[in-house]
Each structure stands twice: as structure tokens, then as C-alpha cells.
Amino acid sequence: MKKQLLSLTVNGDVVDVAVASNATLLEVLREHLGLYGVKEGCSEGVCGACTVLMDGQPIRSCITLALEAEGASITTIEGLAQEGKLHPVQEAFVEKGAVQCGFCTPGMILSAKALLDRNSHPTDDQIKTALAGNFCRCTGYSKILDAVRSASGVITTAEGD
């Protein structure tokens, strides 16, 4: 299959990758760019393990063709920490014990970040709705909910809201 050149920004770096027209964004991120924080779960866009942010919006990279990301800005879990310091959402997940086995964590954190970027004071129902497409198969969602509430407080304080 003939490959096409894909140009996008991943975690702040412009990258050019030759990809097959049927390659998914998940395949490009993991196999071409070595970003293994993006997890492959169901491969059907249902579980949310493959969630990344495309231009700030959470998407399922397993059902997104890589070529759809042409010119887009992609953020993976590897791109959240800055200068060795975890993002407040990452810190909150660690502090509240919301990491559990860790497989769903990158997608959960990115979905939570997208929520908090557009709504720094979400209600519990808004948090649940934002995370509805991210499944945790470990123990449940109470610690994850606590973490998002906690991150909301930190982000609110940092932004002066």
C-alpha cells in the first residue's frame, strides 16, 4: 500500500510520518512515535483507553484515521507533564489513589483535562458525563471522581478563579 506523508504536532513537536491510508492515529502514536502511554483496549472506540486530545478535544485514537489528524495538535499523556512536573490532573490521580492498574489512567486523565479546560468548576454529573466513555475495570470510579474534583480545586486556585 502506498504511504502518504502526515504532518502533525505531537506534544508540542512537529512530526512528519509516512503512513498507510488505513493507519489509525493509535498505530502512528505507538508504532511510529513510540508513545506507549496511549493504550489499545477494545479497538472499537468504546473503552477510552486510547483517548488522546486532538486540538484540545478528547478523541478515540483507535478509530481515528491518522490522516484525519493532518495539521492537528495531538496531546498524549506523555505531553502533559512540563519540565518534570506532573500536570495537576496527574498529581490528583496519584494523590487520590485513582491510578489503580493504570491501563485506563492516561485516557481518564486526558478526558478530565479536556473537561477542566472548558469548565473549571464541573459538577459531579458533568465529571461523570465527561468520563462516561472511559472504562475502568479495576475497582470503580469514586477515587477517579475524587481526583477530578481535587484537580479542579488546584487548577481553579492556580488560575485565580
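This is a predicted model: local features need pLDDT of at least 70, side-chain atom pairs count only at pLDDT 80 or more; totals for chains, interfaces and linings use all residues.
Residues are numbered from 1 along each chain as its sequence is written, and side-chain values use heavy atoms, with hydrogens and water left out.

**Cores**

I then looked up the nonpolar cores, each being a set of buried Ala, Val, Leu, Ile, Met, Phe, Trp, Tyr and Cys residues joined through side-chain atoms within 4.5 Å. For burial I used relative accessible area, with buried under 20%, exposed over 50% and partly exposed in between (1.4 Å probe, protein chains only). The largest nonpolar core has 24 residues, and Ile144 is among those with the most contacts inside it, together with Val89, Phe93, Met108, Leu131 and Val148. Two or more residues of this core come from each of α2 (88-95), α3 (105-118) and α5 (142-159), and the largest share, 7 residues, belongs to α3. Here helices (H or I, at least four residues) and strands (E, at least two) are DSSP runs, numbered from the N terminus. I also found a second, separate core of 22 residues, which includes Leu29, Val38, Met54 and Ala69.

**Strands**

For pairing I required that DSSP find at least two bridges between two strands. Strand β1 (residues 3-10) runs antiparallel to strand β2 (residues 13-20), and 8 bridges join them; Leu5 has Ala18 in β2 as its bridge partner. The two strands form a hairpin with 2 residues between them, and in the turn I noted Asn11, whose phi is positive at about 55 degrees. β1 is also joined by 2 bridges to strand β5 (residues 73-75), this time in parallel, and the partner of Thr9 in β5 is Ser73.

**Cysteines**

How many disulfides does a search of the whole structure find? The search returned 0, with a disulfide taken as a pair of cysteine sulfur atoms within 2.5 Å. The closest cysteine sulfur to that of Cys50 is in Cys62, at 3.5 Å, which is too far for a bond; Cys50 itself is buried, at 2% relative accessibility. I found the sulfur of Cys101 to be 3.6 Å from its closest cysteine sulfur, in Cys138, again too far for a bond, whereas Cys101 is exposed, with a relative accessible area of 57%.

**Single residues**

Glu27 is found in helix α1 (residues 25-32) and is partly exposed, with a relative accessible area of 31%. Not counting residues up to four places away in sequence, Glu27 touches Asn22 and His32; its C-alpha lies 9.1 Å from that of Glu40, which is 13 residues away in sequence.

I also looked up positive phi values in residues other than glycine. Ser43 has a phi near 60 degrees, lies in the loop between α1 and β3 (51-54), and is partly exposed at 34% relative accessible area. Asp55 has a positive phi of about 50 degrees; Asp55 is in the loop between β3 and β4 (57-60) and counts as exposed at 53% relative accessibility.

How values were computed:
Contact means heavy atoms within 4.5 Å.
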